[in-house]
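The entries are kept in the order of the look-ups.

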Amino acid sequence: MIRAQQPGSQPIDIPETIPNPAVVPVQPVPAPSRPAPQEPVKTPEKVPANWSAHLEVDSFRLQAC
Amino acid sequence: MSYRYSLEDLLALLHSRAPTKVDAVALHRRRVEHGLLSVGLKIHCLGNGSQFSTLVEALGGAQKILDVNYYKDSRASLCLVLPPVGSARSAILLLECIEQFIGSALFSNPEIQIQACSPGRLIARRSAFLAIGFYLGSDTLRRYTLKDLTTSFVTHPHDPRGRRLVLYDAEGDFDRNFDWWKGSHKHRLVEPQLPFNNGRSDLLTGSGSRLDIENINLLATLLVHAQYEGYWKELGMQFEKEMGTLLEQHLLAGLVDAPWVRTDDAENGDDDRFFAALQELVAYAFEEAVRIKERDRFFWKWRDIPARPSHGILQEVQSLLQKYRGELVKRSRLFDQGDCT
């Protein structure tokens with residue numbers, strides 16, 4: 001507090017800090033107590049047996065165009 | 001910045017009390033986010049500093065850690081200089097780790113004065129924008145006395161810094177090894193080092209908050225990029241223009257001409273001229289805060305709020321900071337996704 005006084009008037013206490021009313025206070029996020037568990041390793045999905053045949057057809061079509 | 005210990009030493013020490021956060025800082029220590037500037041911090045302790053004694057001893061003792069740094073707040077028992085990190089997020093995490101270690105609050109603690117350090121010496125006008133933007137954007141409105149801004153470098157023979165909110169460095173250690181974004185639009189180049197060998201613009205926040213550190217980092221990035229031809233130059237210059245217009249609308253444009261930073265120019269040596277400008281800003285902000293409070297009390301339904309040409313400077317600065325933070329992050333993400341339109 002800052003005490004301000006002028007001759008002939010009552011002294012007043014002026015706060016040194018006030019919250020900025022234009023700022024919406026953000027609730028602090030509680031700190032994690034333990035490290036996050038590691039995500040399981042994802043195995044790639046199985047590829048259809050004839051996948052390379054599709055590729056060959058597509059490349060053939062491209063060449064034909 | 002004089003510190004005679006490494007961040008690794010500090011983190012190893014803090015790990016026992018805050019392992020998760022320390023791991024996060026260690027992992028992202030040099031990671032720059034969205035091309036924002038790196039962040040340095042100094043902690044001035046106005047109390048007896050006993051809460052820091054274990055930390056200081058473990059890092060090598062007061063002689064090695066504290067006494068090497070001549071600079072501090074004139075009221076402070078100690079000034080702990082922290083090694084710089086790549087982002088405001090890492091800087092906040094680092095302070096939280098220290099809070100947990102010492103068992104005492106660092107944010108919004110009147111006994112702790114946080115100094116936020118940004119690389120690059122801003123010219124006088126841009127230093128004014130940094131200080132005014134910080135002040136109006138902070139979650140706390142403060143009244144200052146000149147004593148609050150007195151440091152051991154006020155009348156230093158070689159590097160007099162005066163009593164100011166913004167202070168230049170004293171040409172001490174400088175860590176350049178943080179990414180610097182340059183170029184423009186689609187042509188972004190990431191340099192592994194900052195484009196200057198030395199130089200900082202520091203801001204004495206007083207009892208600072210997380211928001212203060214984030215805001216200062218954003219403001220300094222926009223202004224430093226505008227000055228040093230960085231990737232965010234265009235955005236920075238646009239910000240300067242909007243900030244100037246905003247101050248004009250509130251009849252505060254003249255404040256920018258006050259010496260907000262003590263440069264080598266003798267004309268900037270007048271502490272009183274700066275302090276008069278600061279007091280005018282403070283008075284205007286406090287008056288505005290009272291107006292908002294009264295409006296909320298008497299006009300609690302939005303339709304009862306009388307029409308005004310302006311939302312008030314505090315809300316306008318909040319909106320401005322949000323707008324530029326959002327724009328910077330959006331453009332950075334668009335670039336990362338390969339769409340630069």
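The notes below cover the model, the interface and the sheet.

**Model.** I worked from a predicted model, in which local features need pLDDT of at least 70 and side-chain atom pairs count only at pLDDT 80 or more, while totals for chains, interfaces and linings use all residues. Residues are numbered from 1 along each chain as its sequence is written, and chains are lettered from A and ligands numbered from 1 in the order in which they are written.

**Interface.** I counted 16 residues of chain B in contact with 14 residues of chain A (contact: C-beta atoms, placed from the backbone, within 7 Å). On the chain B side, α2 (19–28), β4 (140–142), α9 (271–298) and α10 (313–336) each supply at least two residues. Helices (H or I, at least four residues) and strands (E, at least two) are DSSP runs numbered from the N terminus. I noted that α9(B) gives the largest share, four residues. By class, I found six nonpolar, five polar and five charged residues on this side of chain B (nonpolar: Ala, Val, Leu, Ile, Met, Phe, Trp, Tyr, Cys and Pro; charged: Asp, Glu, Lys and Arg; polar: the others, Gly among them).

I found β3 (residues 17–19) of chain A joined to β4(B) by three bridges, running antiparallel. Pairing requires at least two DSSP bridges between two strands. Opposite Pro19(A) I located Thr140(B).

**Sheet in chain B.** I traced an open sheet of five antiparallel strands in the order β2-β1-β3-β8-β5. Its edge strands are β2 (78–85) and β5 (166–168). I then followed β5(B) to β8 (residues 200–206) of chain B, an antiparallel pair with three bridges; there Val166(B) has Leu203(B) as its bridge partner.

Key
Two residues are in contact if their C-beta atoms, placed from the backbone, lie within 7 Å.
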